[in-house]
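Open the model in your viewer and keep the selection panel handy.

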Protein chains: 2
Amino acid sequence: MNEYERPVFFHLMEYASKAEGDVIDMVSGDPDWEPPTALREGLREYADADVDEFQYPPSHGLEELRAEIADRRGVDIERVLITNGAGEANYIATVEALRELNGSEVIIADPVYPYYYNRIQMLDATPRLVSCAADGSLDPEAVREAASEETAAICICSPNNPTGAVYGGAVKRELLEIAEANDALFISDEVYEQFVYEDGAFESALSFDSDRLVVTNSFSKAMAITGFRVGYAILPEWLVGPSRTRHMLTNVAGSRPSQYAVLRALRETPESYHERNRAMLDERIDRFCEALDAAGAEYTRPRGSFYVMARFESYPGTLENVERLIDDVGVAGMPGDAFSSSRADWLRFALVTPRVEEAAERLAAYFS
Amino acid sequence: MNEYERPVFFHLMEYASKAEGDVIDMVSGDPDWEPPTALREGLREYADADVDEFQYPPSHGLEELRAEIADRRGVDIERVLITNGAGEANYIATVEALRELNGSEVIIADPVYPYYYNRIQMLDATPRLVSCAADGSLDPEAVREAASEETAAICICSPNNPTGAVYGGAVKRELLEIAEANDALFISDEVYEQFVYEDGAFESALSFDSDRLVVTNSFSKAMAITGFRVGYAILPEWLVGPSRTRHMLTNVAGSRPSQYAVLRALRETPESYHERNRAMLDERIDRFCEALDAAGAEYTRPRGSFYVMARFESYPGTLENVERLIDDVGVAGMPGDAFSSSRADWLRFALVTPRVEEAAERLAAYFS
């Protein structure tokens, strides 16, 4: 764990950019659509701000931004900690669960976004994997069986990366009950909440009141600004103190230009911005899945997020095969085994390009 | 350590802002001078950038920014890790020293910037304080005596906050030798390097080649942008892997708008920008110290940074006394005991206002 592993997506993006032919990049989760207009306006405004505004924001985040979030979430502002993206929010919640509660295991779903797994290892804790079904759904009973007094946290992302599954309110309630029964923290990562394609499929874990619940989120995907690093945790009261301290002594504070621009965008961006992006992605999913059908691929249509995992016969999702697809087909995806050995036969495609139909047609031509 | 302690400076800034009369704010280290012109231009340019540029930068920082820093520092680019301010750089270096080397103690100077002390405690390690002389100077022999096989790191800031002392190349070489002799890391925090008022007083620890040296720095003070959160660590080769991993799994990446603007400012800002700020602060120091003389205060003229510690007879540097100065005199400083019990009689004044002379005159009128 101590050696730096160059993330696979980074390697593949570079590999794709150096390939000879035209390559459609579906590797990473970097949105290709426009951020809100007010976000760019916020940055322009900030560029001319008084020098006072260029100095340390409060460590736990700009007061107005925390207030705006608290208001939308219906929680007390004291419970809102602005973090360096949802990554830091998940980090802090995981560390504090391991320190403040008994247990050295963290339950995560399999397949899983690799940062989750590696982060738990870095913290000298044990990742405890619970397998999802082929369609990405997660059976709370399997989580219940995996949970024990050794469990410090259950950390679940829904809508899910990489499967596109959405775990509804009933599942979240069960996961929270399991966490409570084992004196563990339920960390509900909801960064893809704006990307749900079925009415009512999504429910925030904040619907449930519990001192064993942390909800993490960020504006990275919702506003197409993964590089800005503005996320947050909604903490139970008893965790506010330790989490603020850890954030402060790790990072001092978050980036103020980013927080400033996000605040303006949060205040001024109409709901239609999100509706438009959602409709566009829904349409991309349709087109991509139709072409996957034509290619005879196995896949599950995502109910949320913007990834599709697909399996082509006799073409396992190894790094070598992904590189071959880049060279021979001009489509760059992610190997399934980056997410789990159980998904070693699969490939993940991020729908972050307007050329999804063309990509799927290329795949269909190659595999059929 | 688990309860959040609201930083004293935050409390005092708020106290000062709510005071009835006119208060001159000399509490925090937030520069009041202009950032480089090119920094504002960089932000404006970024606001109109393609959406690609709004997405994740490389986890260890924008390549061009790392190259620019490596070039100026004369080190291999691989050794440069961009961090969320020098705070995160110091955090990572301290954690990795404690993990990778033997020992559970970190040697720091007394008085000390409180984040150092608290960070070591958060990491379940032991802060080992070595007292500075009244003028802020640090005797390497005292550090040698404090060092042992229990020492994992020696973490020193020079030019120093709060004392204004500058430890020259000879002292740094000795500290590095002591670190090497005890298989510990010497963490040389050089964030105030642009603020040295005596020719030749400062020398970067990078003058010395060692696999037990980490140099940390940031643009927060040098470019008057403490809220941007762009710093860096220059790491020995063997620490590059673990440090990148920790940075990635804690923060994913740093803020790209900030890095973008800093890169442009780094490329385009003439040396005269720093000379002008230095001359302005040197002049402020002169005026403030002259008035302190008139007030009969004890102090040492800072050789670097932009803080002055002063002692007034029968007026210990307690929080209560600092609040009384705000109310009765209209000058807000920091209590010395925030930095060390050994400085409980002192007050620290940050020269981040054009009104330093007026502040000193108010103090003189009150105390004489």
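**Stop 1: a strand pair in chain B.** Select residues 185–189 and residues 213–218 of chain B. Strand E6 (residues 185–189) of chain B runs parallel to E7(B), and four bridges join them. Strands here are DSSP runs (E, at least two residues) and helices are DSSP runs (H or I, at least four), numbered from the N terminus. Two strands pair if DSSP finds at least two bridges between them. Show Ser188(B): its bridge partner in E7(B) is Val215(B).

This is a predicted model: local features need pLDDT of at least 70, side-chain atom pairs count only at pLDDT 80 or more, and totals for chains, interfaces and linings use all residues. Residues are numbered from 1 along each chain as its sequence is written, while chains are lettered from A and ligands numbered from 1 in the order in which they are written.

**Stop 2: the other neighbour.** Strand E8 (residues 231–234) of chain B pairs with E7(B) in the antiparallel sense, over four bridges. Thr216(B) has Ala233(B) as its bridge partner in E8(B).

Is E7(B) buried or exposed? Six of its six residues are buried. Buried means that 20 or more other C-beta atoms, placed from the backbone, lie within 10 Å of the residue's own. Colour the two faces separately. Leu213(B), Val215(B) and Asn217(B) lie on one side, Val214(B), Thr216(B) and Ser218(B) on the other, and all are buried.

**Stop 3: the four-stranded sheet.** Stay in chain B. An open sheet has the order E9-E10-E13-E12, with antiparallel pairing. Strand E9 (298–299) and strand E12 (334–335) of chain B each have a single partner strand, so one side of each is left without a neighbour in the sheet. E9(B) and strand E10 (residues 307–311) of chain B pair over two bridges. Pick Tyr299(B): opposite stands Ala310(B) in E10(B).

Now switch to chain A. An open sheet there has the order E9-E10-E13-E12, again antiparallel. E12(A) is joined to strand E13 (residues 347–350) of chain A by two bridges. Met334(A) stands opposite Arg348(A) in E13(A). Then select residues 271–294 of chain A. This is helix H10, which lies across E9 and strand E10 (307–311) of chain A, at about 0° to E10(A). Axes are lines fitted to C-alpha atoms, for helices over the stretch in contact, and angles run from 0 to 180 degrees between N-to-C directions.

**Stop 4: where the chains meet.** Display both chains. How many residues of chain B are in contact with chain A? There are 49, and they touch 49 residues of chain A. Contact means C-beta atoms, placed from the backbone, within 7 Å. Highlight helix H8 (237–251) of chain B, one of the helices that supply at least two residues to this side. H8(B) gives the most, with nine residues.

**Stop 5: the symmetry.** Superpose chain B on chain A. A turn of 180° and a shift of 0.0 Å along the axis give an RMSD of 0.0 Å.

**Last stop: zoom out.** Chain A has twelve helices and 13 strands. Buried residues make up 57% of its 368 residues.

Conventions:
A residue is buried if 20 or more other C-beta atoms lie within 10 Å of its own, exposed if 12 or fewer, and partly exposed in between; C-beta atoms are placed from the backbone. Copies are superposed by least squares on the C-alpha atoms of residues with pLDDT of at least 70 in both. Two residues are in contact if their C-beta atoms, placed from the backbone, lie within 7 Å.
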